[in-house]
Amino acid sequence: MNTPAEPLRLAENTPWNRQEFEAQLRAKGAGYHIHHPFNVKMNEGRLRPDQIRAWVANRFYYQIRIPQKDAAIIANCPDRDTRRKWVRRILDHDGYDGHEGGIEAWVRLGEATGIPRDDLLSLKLLVPGVRFAVDAYVNFARQAPWQEAVCSSLTEMFAPQIHKDRLANWPQHYPWIQAEGLHYFRSRIPLAERDVEHGLHVTLDYFTTRPQQMRALEILQFKLDILWTMLDAIEKAHP
């Protein structure tokens, strides 16, 4: 005889279909760092120049470590087709054949805010908490199954809006920042949209049982926490 709890247990263990699972992943956007108080103040024009520069300098560490994270995913991935698609992310950041890449674009953003190139590249402005958070993310990508590391990249689902906000708000609120320095934000919108399509495909294909799908949500939350913690550390160091 079935007990009343049995249908509930069955429902809890039934996998979501692809549409439901994707909706669960996208719902995690409520915890994206677009909602962090520091980012809210940034968008509202309430940050001082030194705080803007601190954010740019510390976020630079994330930029230069992302290709290493992506290289770790490739190193752990036995599927050639996936590697051929994923390697584009490294080239996007590091640059290739006359294309300066995202890292150089971020250096130009730093220069546009008044950070000398050598100061940015030296990492002397890096906050320890940011280094710790970013390194934790790279180490996760090195040690986790490659599909889990791919899943962690899905914060890119929420990235286009944060870039659009900066393009809309920074010229108005921070006219002292040279306009050409904003190219990074503009360039990342189509690239993030492209990368999300592939990352979602891998995630929806791999995480097919309810426990696996719950694991995927945990992984995405971990990455959201990384990004949130970075802003916590920057805000504490530059109140």
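User: Why is H163 called buried?
Analyst: Buried means under 20% relative accessible area, exposed over 50%, and partly exposed in between, with a 1.4 Å probe and protein chains only. H163 has a relative accessible area of 7%, so H163 counts as buried. This is a predicted model, where local features need pLDDT of at least 70, side-chain atom pairs count only at pLDDT 80 or more, and totals for chains, interfaces and linings use all residues. Residues are numbered from 1 along each chain as its sequence is written, and side-chain values use heavy atoms, without hydrogens and water.

User: What does H163 touch, not counting residues up to four places away in sequence?
Analyst: Contact means heavy atoms within 4.5 Å. On that basis H163 touches Y184, F185, R188 and I189.

User: Where is the place of H163?
Analyst: H163 sits in helix α10, residues 159–173. Helices are DSSP runs of H or I with at least four residues, strands are runs of E with at least two, and both are numbered from the N terminus.

User: How many helices and strands does the protein chain have?
Analyst: The count is twelve helices and zero strands.

User: What makes the protein chain as compact as a globular protein of that length?
Analyst: The radius of gyration is taken over C-alpha atoms, and the globule rule is 2.2 Å times the number of residues to the power 0.38. For 239 residues the rule gives 18 Å; the protein chain has 19 Å, close to that value, so it is as compact as a globular protein of that length.

User: How much of the protein chain counts as buried?
Analyst: Of its 239 residues, 49% do.
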